[in-house]
Amino acid sequence: MIDQLPNIRHIAAVAATVAHGSVTRAARAVNLTQPALTQAIARLEKDLGCQLFDREPGGMRPTESALLLAPRAERAIAEIGSPRVTTTQIRAFLSLSRAGSYASAAQRTGLSAASLHRAVNDLSLALGERLVERRGRHIALTPKGEARARRFGIAIAELRSGFAEVSLWLGKAGGKIVIGAMPLSRARWLPLSIARFAADRPNVDIAVIEGSHSELAGPLRDGEIDFLLGALREEEALDDLEQAASFEDRPQLVMRQGHPLSKARTIGVADLHRYPWILPSLHTPLRGYWRGMMGGEHADLPHVSIECGSVLTIRELIRESDALTLLSPDQLRVEIEAGLLIGRAPPVPVRRTIGITTRRDWRPTAPQREMIAILQDIAQQIS
């Protein structure tokens, strides 16, 4: 994504020409000469493979492609925040922010460490802000640097969406949807939705990034992920994120075939104290639901001998021991149907809301809206 950044001046030239309707006024607005602005538009038209303006005696009339691109371009330029910032500087800075060192960023980009260093320094001067600082042997972003990295990421996401919309209008490939998937969503919900979407939109690529909420929320905020699927969080902890509920999941006690509790007519909280537990980390919603099931924060809780968020690992550990876990039956559906594992209702019903998390100001493309609609439809079917 970083390697495919367009020239920022070309984008600014198109947005200004759509807004002002003439080369003269647009050139004045973005501080370019008229020949330079005309050349910038022509270069972008060549890159996109389409005409962005009809040249008329009364001015420049934007085509549908330009009207699709212009709002995204304006948002991207606003996020970048300065007409002095260049594509090379953004690419260098984002590479450094994600790699953590000039040497690693150089390996990722193919640029020399000296070139990266110079570009990041020039960016700091252009913005009048200190963006990075050295901490021992490592490079870290300053608070202003972190804010700039996030805004640059959003700018790139907007441009990516704008180019995808133009491409779809031209009847070409329609870009890519990047989905962050927490464990439960990967069991049935997301695969069924992708299968239906791919049948309807074979010209749109999909990338699935797996991880926990803590691992995926940052990339979502930075524009690297379009939306996130999984258990919803407390609203007050989300700040700039927005959640939409999709369905209710009812986790079960999961144990091996032949477990001492597998034949019990009823299972009480006291029974659950006699066995080791395998659960996700302390601050995950599922761990909180487990605490509530066992009596709450101040109850005498069983020892959690193994903390693990990997369903594959949990599955094998449970099959080889008397350990218990609390998971959605969908996540171990194959093993339960095959009789390798057993799911039992917990002594206290556990319910959690599963849904879709987006940036609060996110403006989805048509394919992204279609994917969201399919996800919500599939959610109703599997709930």
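Just after helix α3 in this predicted model, G49 takes a positive phi of about 75°. The helix that ends there comprises residues 34-48, and its 15 residues reach 21 Å from the first C-alpha to the last, close to the 21 Å expected at 1.5 Å a residue.

Along α3, the residues L37, A40, I41, L44, E45 and L48 are buried. Seen down the helix axis, these buried residues fall within an arc of 135°, so they line one face of α3. That buried set packs against several elements, namely the helices α1 (8-20), α2 (23-30), α4 (64-80) and α8 (143-169), together with the strands β1 (53-56) and β2 (59-62). The face turned away from the buried side, by contrast, carries P35, Q39, K46 and D47, which are exposed.

Elsewhere in the chain, five strands form an open sheet with mixed pairing, in the order β6-β5-β7-β14-β8. Its edges are β6 (205-210) and β8 (241-249), each of which pairs on one side only, and neighbouring strands of the sheet are turned by 20° against each other on average, with direction ignored. Within the sheet, β5 (residues 176-181) and β7 (residues 227-231) run parallel and are joined by three bridges; A181 stands opposite L229 in β7. Helix α9 (residues 189-200) lies across β5, β6, β7, β8 and β14 (352-359), and α9 runs at about 170° to β6.

Definitions and conventions:
Residues are numbered from 1 along each chain as its sequence is written. This is a predicted model: local features need pLDDT of at least 70, side-chain atom pairs count only at pLDDT 80 or more; totals for chains, interfaces and linings use all residues. Side-chain values use heavy atoms; hydrogens and water are left out. Helices (H or I, at least four residues) and strands (E, at least two) are DSSP runs, numbered from the N terminus. The expected span of a helix is 1.5 Å times one less than its number of residues. Buried means under 20% relative accessible area, exposed over 50%, partly exposed in between (1.4 Å probe, protein chains only). The arc is that of the directions from the helix axis to the C-beta atoms. Contact means heavy atoms within 4.5 Å. Two strands pair if DSSP finds at least two bridges between them. Axes are lines fitted to C-alpha atoms, for helices over the stretch in contact, and angles run from 0 to 180 degrees between N-to-C directions.
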